[in-house]
Every structure is written in C-alpha cells, then in structure tokens.
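Hi there,

Here is the structure we talked about, with the sequence alongside. Could you open it in your viewer before reading on?

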Amino acid sequence: MDLAQSPVSFLRFLLLPGQTVPEKEREDKTRSGSREIKGAPTAGSSSCGHVLASSCAFSRTQGCLAAAMALWHQLQQLDSRYLEQVDQLYDDTFPMEIRQYLSQWIESHDWDAVAADVSLATVCFHELLSKLDEHYGRLSVGKNFLLQHNIRKIKRNLQERFQEFPVYMAMIISNSLKEERKILEMAIKTQENAESSQSSAAMEKQKHLDNQVNDLKKKVQETDQEIQVLEDLQDEYDFRRKTLQSRIELEMNVHTAKELQREEMMIKEMFFRLNKMREVVVNELVNSLKLADHIQFMLISVEIPEWKRRQQMACIGGPPNACLDQLQSWFTALAECLQQTRQQLNKLQELVLKFSYDNDPITMGLNTLQEQALMLFKNVLVNSIVVERQPCMPTHPQRPLVLKTGVQFTVKLRLLVKLPELNCQLKVNASFDNDLNETNTVKGSRRFNILGTSTKVMNMEESNGSLAAEFRHLQLKEAKSVGSRTNEAPLLIMEELHFISFDTQLNQPGLCIDLKTTSLPVVVISHINQLPSAWASILWYNMLCSDSQNLSFFLNPPPMKWGELAKVLSWQFSSITKRGLNTDQLNVLADKLLGPEAQGDPEKLVLWTMFNKAASEKGTYFWLWIDGILDLIKRYLLNIWNDGLIMGFIRKEKERTLLQDKKPGTFLLRFSESCREGGITITWVEHLQNGEPQIHSVKPYTKTDLFSISFPDVIQHYTLLAVNNTPENPLLYLYPDIPKDVAFGRYYSSPDEAAEKMDIDKPIYPYVRRWILPVSDNPGTRPSDCMSPGAHGQPELMNRDSGMDTV
C-alpha cells in the first residue's frame, strides 16, 4: 500500500496502537513485560540498575507502538480546527516545545505504565532532561541564542514542577497523547465520512463555487479576446468597405468591374462574419451575466447567511467562525468580472458608434445587458459589507454583544470586495438604533447616544490586504427621556435589544451606491452585576433567531430544545477553559432543569422563564447558578478543572454509589447546587467499625473562601478534629484511586510563596508567621449537643474558625 496515496489509511494505520480499550491495554502490557517494571527493586534492594534494565525491557515491549512514531507529524498536517484543539493540550506546565523536540522519544514510551511506577517515572524524568541537554548541545552558539535560552528555561521549570512528582509529569504526557489520538481519530472519521458529513458537503459546495468563479473568469477573459478580434474585424471591414466605395467612384470602368465585384463579394462575406461575431460576443456576455447572477445568488443568499449564522454561534462560545478570506476572494473575483464586463459593454457601445446596421445584435441587446451588469455590480457591493467582529468590551472579550454604558467597546467592519480604487474612499459612520420603526422596536425602550470616534475610513490592512474599518473608542451614554420608564417598558433591561448600524456611500463617475449593515442585537447594561442575565439573553437570542433587527424577540421568546441548550452550556465551559461538559454532567443539568422524568430528552422544550427567570429549587436561578460556577472556575479552579480533577456536576445518589465501595479517604469534588454565586464541595467516604460506608461533604467553598486560600491548599491541609482535638486529614485519594499529592501536589503553595504574600506590607516589628487551615469537627466523634440537621439527614457542623459546614 502506498501510504502517501492513501492518507486516511495511513492515519488509521498510525492510530491502531491507541484504539484498544484502556483495560485491554493494561492487560496486554502486563503480559508483555510490565511485570518486570512492577517488580522494580525496593529501597533495600540492589540498585537503580535494575530499574534501568526494566526500562530497557519496557521499551522493547513497545514495538507495537512504533507505528505511532509519526503521530506528532501527522497531527501537524491536519486542518486548523484540529490544530487549535492540539494547541489547547499544552501550556507552560508542559510546553509544546518539548513535544516538538522530543516527539519520537515521547511516542516510544507507554506513559500509562510509567505513571503507575514511581521508579520508572523518575528514570524517564531524568532521561527527558538528558534528551533536552542533547538537543541543547546540537544548537550552534550565537545563531540560536533565543532557542537555547528557552530550552534552559523549560528545563528549570520542569525541575521545579516535577522533581518531586515525576509521576505527575508522566500522567500529563499520557493524557496529552490520549487526547492527541482522539483528535487524530476525529480527523479520520471526518475524512472517512466525508461524503455524508456536513463538513464534506460544505467542502463540496466550496469546490463547486470555486469552479464556477473560475469558469466566470475564463469566460470574461475569452470575451475580452473575442471583442478584440471583433474590433479588428470591424476595422478591417470598415477600411475595405470605404476603400471599395472610393474605387467605385474613381475607377469604375469595364476593366475594373469584375475586380471590384469580387472585392464587393469578399466584403459581403466579411460582413456576414462580422455579424456572426457580434452575435457570438453578445451571447458570451449573456452567458457570463447569467453565471455571475447565479454566483451572486449563492454568495448573497447562501454563503453570507451561513457565515453570519456561524458567527452567531462563535459569539456565544461555539466553534470558531470560518475565516472571511474565502468569501472575500469570491466577492472580489465576482466584482472584478462584473467590472470587466461593464467595460466590455462600453467597448461594444464604442464599436456601435463607429458602425451599426439594421438588426445589429449589439444594439438590440446592449441596453438590457448594461442595466443587468450594473444591477449585479451594485448588488455585490451592497451585500459585501459585513461586521467582521461584533461589538465587544475589551474587558469582557468572551462575552461580546453585552455593552455597559460609559465603558469603551470595539467593533470591526470589512468590505468583501477588495478593489484598489476603493482604498481610503469609503467613510463609515456608526449610529445606534437608527431607522427604528414600530415593527422592530419595543415601546418604552431606552435610547442611547454614541460617544467617541463614530466615523472611520476603510483602509487596506497590511496583514491580509482586506478593506476594513475598526472602531476602537466607542462608548454609549443613555439619553434621558421624560417620564417613568418602569411604567412604559414591558421588558427588563437585560431583555432590551438594540443594534448599531453602519453606513457609507461609494461615489464613482456615473455610480453612487449606499452601503449599510448592522451589528447583531446588543444588550446595554448600566451595572456590571447585570452582565450574567444580559449574557443569558444573548445566548437565547442567537441560538433561536438570525434576524438582526428583531428587537421585540423577548416580548414572546420561543422555547429551546434541551439538545440545543446542552450544546450552548458546554460551550460556556469550553470557551473559558479547556474542557466542555461531558454527557454525564449534562444529564445532571437536564435533571435539575427539567426534572428526572424528562430523562435528558434532547427534544424536550426549555422555556426562557425556566432558564433565566423562574427560580429553581432552593431559590436559585438556573442560569445564574451556572454562571456563578463558571466564574468560580475562571477565578480559582481553572487548572484543576482543565486537568479533569473536578467531577463537577453529579447526582447525590450517584455520588454515594461511586464512593461507598472505595477505600476510606477516597473523595471527589462537585459543585454545590445551592450556592447561587458558585460553590465547590468535597465529598469523601469513611468506613465505620462494622464496615458500613459513611459519606461526608464539607460546606461548599465559595469565591469569598477561596480568595484567602487556594483550593489545592484546602485539600492538602483539610483537617478533622475529634473531641480530644486529635487532627486528621480524611482526604487521601482522589476518585477513583489517585493519591491526592499526585493529583494536586503541583498546585500546593510553598511556604516561600505564602511568605511573599504576607510580606507585601512589611511590619515595623516582627510577627509570628501564621496561615489559614480548613478545619471541621469530626462528624463521627462530635458531642451530641453540637449536632444540627443537615443535608441528606446527616449532621451539619460549623467550622470553628471559618464558618464552613461539613456533612
């Protein structure tokens, strides 16, 4: 098989080693030599040489993984949408540079096995450092100074982070490779199902449109050549006709009659060819304009609406929108062809002025063709102006379309027709809620004025040559009106929709075209605490409506299918973190919103009032509860959420089922269902003397708590106090069985870091150093007079210092 000729088969061939079920992998690896590793010498045995020998044996057993050696290379050949996913796998903790420099070495190891053996993990950690040293040594001094500096810095960071926890480095590499294989598998499936998938249809449509545009270019060029031939033929005909007429007047006699007759016959024949050529040219122009009309329809009625819809999804956290460069290429090519066609029609008009006759094909259809070409050209220009980047406050880049009065926002326009003569010719004016009428506005809505530079000239950008105008310094100020708004407006402030319109005028000799476009609807708030509810309105609107001027949408908002809402909720997490929500987590949210009886049915309808208005259980609005959790993750839990250490959304019944059979001290992390501002709790299991499992949950930690102490430090130092004040930490293993120091150790605060925080304001006399410790009374040994009923019928305890409860 020629792998170069069959990329899909080649990708599948590379992926085979990673296709087995994890349990099966472990069984195979145990049979093929991993037992030698697990039998590594203890501290009292011979030496680390046995570990090195085991490492060599381990490497030999990985022959089945040799086919995956090109995994990194194959990933780099994928489309940008997959490369973006790969990019999200790496950060400063384990930089992508290491993956690049040591790709073959990394792919030659079974990192699951390495992560299961501390001795082997230590060996691999030092081997990785040695490989970095080798790579550093191969760089010539001087020419690669910056690269050498980066490698030294990477090595220092690795030593600081993983010297004490090499197993965690192995876990990171193992997880990254698994995610890479998933991405590669996704690419394979996309290619294998190309003919039936949506992306394949889009690619086929794009290819078809490309071919049509190329056909139009070819037709226009051929018409140019034919008009040149026509002009030459007409000039020759005109010359010979006039010459014959002169000779007849001067030389008409018996001797020249036959010669002049032959010349006259040749001129008549030439006239027939000239007439035929004119018919051909006119027909070519008619066909070109028909094709241009079809292409314009596809661009204006299909491609632009689809791009705008994708932009709506991207604005609310969905997949990144496709680049405008392809659309710009099509629009520009179409405009150039129409411009050239108009010039060709002008040339025909010149030919007609020189010579015409009855039933002349050109004169019979010229006016119609000129009108059609002009109409198409105008239509292309009118529809080529788009809002490339929707209005957004730089302070909240992940929540566009929500604007706060008095806060600067930006917006960017682009003209998809890139003609050099338009550079610096279009002055765009921005206005707010312009051209409102009774059908697209709501009585009693607020009015706003735009402050700042509201006029911009469209210039060619150096980066991509596009014709664009970016407004960077706009603000809104409410225009005070007489009367009480609360008595007039039927909508909440966060449900009021507005839009920003942009207009300009193109003036060329004999041509004047008004260009106008509008932004997607925006919500204007006056206080930042209105942002979550305003963002809910943006989510709901953009999922259900594509009419940019339907400002009365929330007078009667339609319901949304749970399947669509689940997708949007997952986007909210993946847009600010590296992880969206999995099926289990979404099912828990479905039960909370719709009730267990709905069973997460994707067709079940969710009302707007259920999502953002009606209070759910315990008085918490569903969306505000989700938004509080998002903010909590973004501020204090981002790393451990990205690492997948937080289970997050889980039913309490399932929580008990998961933990009851685990060894004592096994815990998991879930979000509180009662904290509106977002809270996270720790639930662990202990076993009574009779073997019965006992489940406990600590009172949720909120942003107020985590402002003073990081959550990994809470897990590290969490302490239970018995009646005799004997301290113990009940948290030993992160579910299912990961030692907590392996899972969270890299995020523990060092004493030096704590000292730096305390020394910001240095005292004039020395203090005894102190720190915050999370402490609860032991629920199993607490005096009965301290007990009060808590959740799940379990006793609830108040922390002695911080006021945190435990269940």
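First, the ground rules. This is a predicted model, in which local features need pLDDT of at least 70 and side-chain atom pairs count only at pLDDT 80 or more, while totals for chains, interfaces and linings use all residues. Residues are numbered from 1 along each chain as its sequence is written, and side-chain values use heavy atoms, with hydrogens and water left out.

**Confidence.** The protein chain has an average pLDDT (the predictor's confidence in each residue, from 0 to 100) of 79, and 77% of the residues score at least 70. Residues 757-765 stay under 50, and the model gives them two contacts (heavy atoms within 4.5 Å) beyond four places in sequence. The stretch 781-807 is also below 50, yet it has 59 contacts beyond near neighbours in sequence. Where pLDDT is low, the predicted coordinates should not be read in detail.

**Cores.** A nonpolar core here is a set of buried Ala, Val, Leu, Ile, Met, Phe, Trp, Tyr and Cys residues joined through side-chain atoms within 4.5 Å. Buried means under 20% relative accessible area, with exposed over 50% and partly exposed in between (1.4 Å probe, protein chains only). The largest nonpolar core holds 199 residues, and Leu-128, Trp-562 and Phe-711 touch the most other members. Helix 13 (residues 254-315) gives the most to this core, with 19 residues. Helices (H or I, at least four residues) and strands (E, at least two) are DSSP runs, numbered from the N terminus. Beyond four places in sequence, Phe-711 touches Leu-637, Ile-640, Leu-669, Ile-680, Ile-682, Tyr-701 and Leu-706. There is also a second, separate core of six residues, among them Ile-650, Leu-658, Leu-668 and Ile-695.

**Helix 21.** In helix 21 (residues 652-660), the buried residues are Glu-655, Leu-658 and Leu-659. They lie on the same side of helix 21, because they cover an arc of only 90 degrees around the axis, taken from the directions from the helix axis to the C-beta atoms. Their cover includes strand 14 (666-671), strand 15 (679-687) and strand 16 (693-697).

**Ile-450.** This residue is found in strand 5 (residues 447-452). Its C-alpha atom is separated by 5.8 Å from that of Gln-475, 25 residues apart along the chain. Leaving aside neighbours within four places in sequence, the contacts of Ile-450 include Ala-430, Phe-432, Leu-474 and Ile-500.

**Salt bridges.** There are 28 salt bridges in the structure, each a side-chain nitrogen of Lys or Arg within 4 Å of a carboxyl oxygen of Asp or Glu. Which residues are linked in a network of salt bridges? They are Asp-325, Glu-388, Lys-412, Arg-414 and Glu-461. Within it, Lys-412 pairs with Glu-388, the closest N and O atoms being 3.8 Å apart. Lys-412 lies in strand 3 (residues 409-415) and Glu-388 in strand 1 (residues 385-392), so this pair ties together parts 24 residues apart in sequence. Arg-414 also forms a salt bridge with Glu-388 (3.2 Å, N to O). Both Lys-412, at 7% relative accessible area, and Arg-414, at 1%, are buried.

Elsewhere, Glu-496 and Arg-446 meet in a salt bridge (3.0 Å, N to O). Glu-496 is in the loop between strand 8 (467-479) and strand 9 (500-508), and Arg-446 is in the loop between strand 4 (427-432) and strand 5, 50 residues apart. Glu-496 is buried at 1% relative accessibility, and Arg-446 is buried with a relative accessible area of 5%.

Best wishes
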